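Dear colleague,

Please find below the structure that I am handing over to you. My findings follow it.

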Amino acid sequence: MATTEPKANDEPIVLDDAIIEGAEKLSEEDIAQVINDMIRTEGGARFKAYLNTCMSCGYCSGACHYYLSRDKEPRLAPAAKVKQTLGEFVRKKGRVSRETLMRSCEIAFTDCNLCRRCMMYCPFGIDVAFLMLFVRRVCHKLGVVPRYIQDTAHSHSATMNQMWVQEDEWIDTLQWQEDEARDEIPDLRIPLEKEGADVYYSVIGPEPKFRAQLIYQAAVLMHAAGIDWTMTEFPGWDNSDMCMYTGDIEMTARLKKVHFESALRLRSKRIVMGECGHAFRSVYDVGNRFLGWKMPPIEVVHAVAFYDELLAEGRLKIARKFERPVTFHDPCNIVRGQGLHEKARSVVRQSCETFIEMEPNREHNFCCCAGGGVINCGPPYKNKRVKSNRVKAEQLMAAREKGAEVVIAPCHNCHGGLEDIIHHYKIDIEIKFLIDILFECMEK
Amino acid sequence: MKSMEEWDWAPGKKIVADLEKWQSGYAAVEEPYVSPDGEKIAAIVKTEEESYTVCVNGTPWEKTFDKVWSLRFSPDNRAAALVSDTAEWSVAVDGATWENWFEFVWNMQFSKANSAIAVAAQNARSYFAVLDDTPWETGFSSMNNLTVSRNGETLAAVVQTTAVKEGDINAFQKGCFSVAVNGVAWKNAFVNAWEIDINPDNRLVAVEVRHSLYDYSIAINDEMWPSSFSAIWRPRFNPVDNSVTAPVKSAGEWCLAKDGELFWERRYSQLWHHFYSTDGKSIAAVVAPTYGKWTIAENDTPWDLTFKELVMDAVYSPDNRHIACLGKTDGKWYVALDGKAWPTPFDRAWPPVFSPRGEDVAVKVEIDGKYAIAVNGKLLDIPFAVAWNPVFSPDGKKLLVKGIGTGKDEGKYCRHILETESLPRK
Amino acid sequence: MYDIYALARGPLAWGAFIVFFGGIIYRLAAILLEARKKDHVVYAYFSPYYAMRSMLHWIVPFGSRSMRQQPILTTVTFAFHICLIGVPLFLFAHIILFKESFDISWWTLSGMAAQVMTVIVLLSCVYFFVRRIVQPDVRYLSSTADYLILLLVVLPFATGFWAARGWAGFEIATLLHMLSGELLLALIPFTKLSHMFFFPLTRIYAGSEFGAVRNAKDW
């Protein structure tokens with residue numbers, strides 16, 4: 001009674017060849033067996049409470065940037081994503097068709113950024129991200145995962161980093177950045193394997209691969225602030241984690257073990273990590289839990305909190321404020337994930353002349369639509385990703401109209417997502433990391 | 001090679017070097033490293049000519065280089081570092097470079113028993129290992145987890161035997177990684193292979209592998225255990241009978257497996273870093289009996305004492321009668337011995353060191369920004385600005401303590417020999 | 001007729017209460033035990049302060065941003081729940097039954113107030129029903145069960161109202177009221193209506209994680 005058929009989609013149903021290839025190898029029995037095993041072994045109290053408690057009230061719909069950007073398409077309401085995936089798995093006792101499985105895979109991997117905004121809009125606090133991760137884990141177990149993110153997961157497993165960076169390439173990149181920086185500051189160092197240093201600095205795989213200037217800037221900042229710091233020579237330097245998003249939690253556990261143990265081996269007092277959101281999530285309350293560490297075994301400080309601390313202690317001084325008006329994009333994994341929004345604002349206000357708030361902001365900011373592994377599903381889904389975040393474009397345009405010329409986003413995925421949105425919707429706004437601003441404005 | 005017995009164990013304090021003086025002689029001095037016997041202190045220094053070298057006890061190596069990094073002392077007290085000249089890299093030991101130069105070298109390791117030096121190297125995107133200036137004959141398209149055996153005779157590493165294009169997930173899942181032992185790869189390939197252990201006589205190499213995206217096992221000399229698990233950690237050889245144990249995850253919980261079969265009875269929330277007594281009769285491991293509680297289990301019996309944040313650096317005493325480890329709770333580090341924690345915690349602590357007969361435990365610790373050595377729970381009254389791990393003499397009668405002093409000894413690296421009789425008792 | 005009434009007044013009422021309370025205890029115990037086994041995080045990160053903080057924001061009308069975004073739905077929802085719980089608990093006719101059976105009694109609503117509140121419940125149900133059909137996202141989300149539980153709620157209130165007004169056939173209405181009320185009670189633990197006692201659990205968990213671990217608001 002009264003369920004509507006989904007509106008005809010203007011895109012082909014399955015865009016990724018690896019999803020199709022993976023599903024073709026499966027019979028309905030295979031699918032049912034894995035789904036039922038998963039529900040039996042890992043579908044615990046939260047899984048059941050969430051599925052039983054959802055009253056289909058629709059409070060969550062208005063939270064989701066997919067739903068809002070795509071003309072309130074009912075299928076894109078958070079609860080609808082659960083209904084089409086786990087709802088079917090449970091209703092049909094696992095005996096779902098390959099088509100349902102493929103659709104579920106696309107919904108869980110590419111129609112949800114696991115940003116947890118909807119969790120704040122649900123009267124019951126139902127964690128749709130948790131449920132979508134459950135679907136992803138089922139997909140992982142069945143070998144039905146989008147090609148690009150699966151390849152990234154493979155890279156993680158083979159190299160302990162996201163980008164197939166070989167051990168020597170990593171060290172070489174650091175030494176190259178150190179050489180470059182020494183042209184500016186002759187006695188600068190990127191200390192490798194310095195045992196007992198106060199700060200163990202870790203980054204994500206794309207930094208050495210594509211954005212090495214961020215390592216350069218971080219080194220200059222550490223130098224200027226007089227920080228006793230180090231980076232590791234060995235695998236473990238990458239704090240990122242796409243396995244958390246493909247559902248390969250065993251591999252997530254391994255990645256985090258290597259990362260934490262390299263910082264512990266060097267006996268640093270804490271890990272400071274670059275401006276990445278998902279890596280923070282993985283290190284702060286996901287990967288450590290898979291390993292049995294209730295909290296990270298060594299304090300983890302996100303770059304935003306670290307900058308704020310350095311400014312507050314006077315170790316980092318602003319020589320001249322950034323003149324162009326800026327706005328700030330709150331990344332979900334460090335705002336809903338760690339409440340760093342006020343610290344970020346404090347850094348922005350101390351370093352920029354004019355700060356213009358985006359609306360909505362802080363915990364209620366809209367996601368970039370790149371996070372949660374969605375951008376890592378690669379080119380097949382780029383168009384959808386951009387179209388599914390018109391609300392972000394409108395939000396940026398409104399900030400632009402108020403005068404903002406620069407949007408600061410202290411997260412790599414947000415950068416990727418916002419760049420595509422800015423380009424697609426032709427918004428005249430430049431995107432920067434917080435460290436880009438600090439590097440330009442601080443006393444060196 | 002001078003044996004430990006031949007080190008200078010005469011009690012007293014010796015000022016080995018005044019590091020403040022180094023500062024004036026060079027454009028830059030990096031953090032210092034100290035030899036195991038404490039007789040030498042070395043640092044990478046930048047000369048006034050914008051080149052780099054190593055300064056040992058105030059005397060620089062004759063040669064200078066474009067770059068020097070990874071300075072370390074070998075167990076037999078030689079200073080070794082990775083050096084580059086005209087964009088080529090090699091290893092310099094006590095100032096003399098190897099004959100071979102490479103496009104890059106890294107991951108310098110020493111064999112514990114005889115100080116053989118191993119590095120990972122790369123030429124023309126081909127990866128291989130080098131042992132005491134002798135490179136492997138074969139190179140691979142990637143190499144990780146380089147491991148050197150105790151006596152330095154065997155080098156093993158995880159290598160990629162089939163190249164995969166980025167994005168070719170099917171080829172990857174067929175298995176492209178194997179283990180190369182002294183440059184010769186095993187026949188079988190795995191989806192992944194990680195940490196390696198080599199048995200005492202070098203004949204056996206064990207590695208943790210994943211042979212599908214879901215199945216983890218242990219391979220020993222190219223032969224996999226018949227059983228698989230949902231996750232696994234590093235395998236270890238029994239030092240006496242060559243059986244292999246590894247922590248494995250089964251039905252959502254961790255357990256120790258031996259030769260492919262579940263071995264321990266208890267199930268743990270986590271179990272890793274297991275280690276043997278030298279007689280091979282006992283196994284201990286770092287475990288979390290329940291979520292978020294950490295301790296040591298010896299032969300499947302966990303201590304009652306647990307720590308909230310972590311347990312690490314666990315070690316058997318040489319006589320196999322005691323176990324010491326570090327534990328961390330609420331940001332403070334504790335030293336625990338046989339299930340009892342020392343009463344005073346520290347801001348940081350380093351691996352505990354047993355005396356040869358296991359009666360004393362010494363640990364480098366940090367309190368209020370200063371370093372000191374704690375023995376049997378009490379701090380020695382020698383404050384340091386920088387300290388290194390203490391060393392007991394082979395007869396257990398002396399303790400070597402090394403560090404850069406404070407106060408009138410500020411900037412001075414000192415070597416102290418203390419009589420263990422004078423140390424705080426348990 | 002009288003026999004059925006006696007049955008509804010006696011054994012069935014007992015049965016309904018036993019199933020209601022027993023069902024709640026069983027389901028709560030089952031889920032809490034399951035959490036011990038498979039969701040230890042629920043216990044590990046439990047924080048009474050942040051659990052309460054979260055609960056307060058969600059039981060106060062318009063305490064969350066999502067509630068403020070949908071003022072009509074929020075107003076109706078709160079009015080509905082207050083009346084839905086208030087009427088049966090404080091209705092004079094119900095208290096009399098308790099008095100007769102157990103010699104206990106408490107404060108009661110006036111007849112007029114109870115009737116107004118009943119109308120609010122019924123109109124709210126009409127609103128929910130129309131909304132389920134008219135609003136596309138909610139329509140897509142709605143399953144048969146969602147409509148049936150609405151009916152389950154409407155029945156005792158509609159028949160109760162009928163009986164209270166003394167309209168024609170009120171005796172049958174009274175009987176139907178008792179039976180449908182008992183049916184509702186007995187089914188609460190085993191249908192989506194279990195959100196009544198799962199609400200604190202999911203909220204406590206969300207509040208603890210957001211507040212104590214993630215240092216953020218969840219409303």
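Leaving aside its neighbours within four places in sequence, with which residues is Gly125(A) in contact? In this predicted model, Gly125(A) touches Met119(A) in its own chain and, in chain C, Ser54(C), Thr202(C), Arg203(C), Tyr205(C), Ala206(C) and Asp218(C). Gly125(A) sits in the loop that links helix H6 (98-110) to helix H7 (128-142) of chain A. The residue counts as buried because 28 C-beta neighbours lie inside 10 Å, the threshold being 20 or more. From Leu255(A), Gly125(A) is separated by 130 residues in sequence and by 30 Å in space, C-alpha to C-alpha.

The contact between chains C and A involves 43 residues from chain C and 44 residues from chain A. On the chain C side, two or more residues each come from helices H1 (2-38), H2 (41-44), H3 (48-59), H4 (65-69), H8 (136-141), H9 (144-165) and H11 (195-213) of chain C. H11(C) gives the most, with nine residues. By class, this side of chain C has 20 nonpolar, 11 polar and 12 charged residues.

Turning to chain B, the assignment gives domain 1 (16-101) and domain 2 (108-224). The C-alpha centres of these two domains of chain B are 30 Å apart. Their contact draws 13 residues from domain 1 of chain B and nine residues from domain 2 of chain B. Strands S7 (67-73), S8 (79-85) and S9 (88-93) of chain B are the elements that give two or more residues to the domain 1 side. That side has six nonpolar, three polar and four charged residues.

With kind regards

How values were computed:
Residues numbered from 1 in each chain as written. Chains lettered and ligands numbered in written order. Predicted model: local features only at pLDDT ≥ 70, side-chain atom pairs only at ≥ 80, totals over all residues. Domains from an automatic or database assignment. Contact = placed C-beta atoms within 7 Å. Helix = DSSP H or I, 4+ residues; strand = E, 2+ residues; numbered from the N terminus. Nonpolar A, V, L, I, M, F, W, Y, C, P; charged D, E, K, R; others polar. Buried ≥ 20, exposed ≤ 12 C-beta atoms within 10 Å, placed from the backbone.
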